[in-house]
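Subject: Structure handover

Dear colleague,

I am passing on the structure we spoke about, together with some notes on what turned up when I went through it.

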Amino acid sequence: ERNGFFAGNAAWEQMFGYTIGEMKGYRSTDFLSPDYTRRGRGALDKILSGELAYEENEWLYRRKDGSDVWAFGRVSGVSDGQGGVAYLLLMLEDITERKRAELEIRDRETRFRTLFQSAPQGIVLKDRNNLIIEANPALESFLGRPSTEIVGRSIADFVDPAQRRRQHHYA
């Protein structure tokens, strides 16, 4: 790692779009997205100095074509037999699709939360037992009760008993 790549395999070429020959002379951190470069170099320095035995993390790399590739990586020092580090061994797994799915779920959750909190209609989230686990501000306002008095109860608790007898769908 001090002198750049000296070995690689076809999986590296496929992941990054560079041939191993093109990677010679570069460090693995040279392929990191700019936001990750300093952290990556810091981790490598700690391994080379003996402060860390290894580092595992998710890293954002940049491919030859400029696209991003997320990778879970483990980098460790391989001993030189004299207490030092002869070279670094870096193993990466492409987790780009998983990260995209996580980001999409996070985005959907953010949009749902925004809608839930700002909707003018009262909305509740219920558990399997039909007990309220969350109420939005519009429902709190409509019922004139804080969420702490709504959560853990059934919708039926807030319906006039005469209405409950006529409509059995309240649970």
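A residue is called buried when its relative accessible area is under 20% and exposed when that area is over 50%, with partly exposed standing for whatever falls in between. Residue N130, with a relative accessibility of 28%, therefore counts as partly exposed. Please keep in mind throughout that this is a predicted model. N130 sits in the loop that runs between β4 (124-126) and β5 (132-135), and its phi is near 65°, which is a positive value in a residue that is not glycine.

The sheet

Three strands make up an open sheet, arranged in the order β1-β2-β3 with antiparallel pairing. The edges are taken by β1 (54-62) and β3, each of which has a single partner strand, so that one side of each is left without a neighbour in the sheet. On average, and with direction ignored, neighbouring strands of this sheet are turned by 30° against each other.

Nine bridges hold β1 and β2 together in the antiparallel sense, and across this pairing E58 stands opposite F72 in β2. Strand β2 (residues 68-79) is likewise joined to β3 by nine bridges, again with the two strands running antiparallel, and here V75 has L90 of β3 as its bridge partner. The strands β2 and β3 form a hairpin with five residues between them, and in the turn G81 has a positive phi of about 85°.

Two helices are in contact with this sheet. Helix α3 (residues 34-49) lies across β1, β2 and β3 and runs at about 150° to β1. Helix α4 (residues 96-118) also packs on the sheet, where it touches β1, β2 and β3, and its direction makes about 125° with that of β2.

Is S76 buried or exposed? With a relative accessibility of 15%, S76 counts as buried, because the value is under 20%. This serine belongs to strand β2, and once its neighbours within four places in sequence are set aside, S76 is in contact with I47, A53, Y54, Y87, L88 and L89.

M91 lies in strand β3 (residues 85-94) and is partly exposed, with a relative accessible area of 46%.

Salt bridges

How many salt bridges does the structure hold? The count is 17, and I describe a few of them here.

In one of them, the side chains of E56 and R74 meet at 2.9 Å, taken from N to O. Since E56 lies in strand β1 and R74 in strand β2, the pair ties together parts that are 18 residues apart in sequence. E56 is partly exposed at 39% relative accessibility, and R74 is partly exposed at 29%.

Another salt bridge brings together the side chains of R98 and E58, at 2.2 Å from N to O. Here R98 lies in helix α4 and E58 in strand β1, so this pair ties together parts that are 40 residues apart in sequence. R98 counts as partly exposed at 38% relative accessibility, while E58 is partly exposed with a relative accessible area of 24%.

K99 forms a salt bridge with E102, and the closest N and O atoms of that pair are 3.7 Å apart. Both K99 and E102 lie in helix α4, where three residues, or about one turn of the helix, separate them. K99 is buried, with a relative accessible area of 11%, whereas E102 is partly exposed, with a relative accessible area of 28%. Taken together, E58, R98, K99 and E102 are linked in a network of salt bridges.

How values were computed. Residues are numbered from 1 along each chain as its sequence is written. This is a predicted model: local features need pLDDT of at least 70, side-chain atom pairs count only at pLDDT 80 or more; totals for chains, interfaces and linings use all residues. Side-chain values use heavy atoms; hydrogens and water are left out. Helices (H or I, at least four residues) and strands (E, at least two) are DSSP runs, numbered from the N terminus. Buried means under 20% relative accessible area, exposed over 50%, partly exposed in between (1.4 Å probe, protein chains only). Two strands pair if DSSP finds at least two bridges between them. Axes are lines fitted to C-alpha atoms, for helices over the stretch in contact, and angles run from 0 to 180 degrees between N-to-C directions. Contact means heavy atoms within 4.5 Å. A salt bridge is a side-chain nitrogen of Lys or Arg within 4 Å of a carboxyl oxygen of Asp or Glu.
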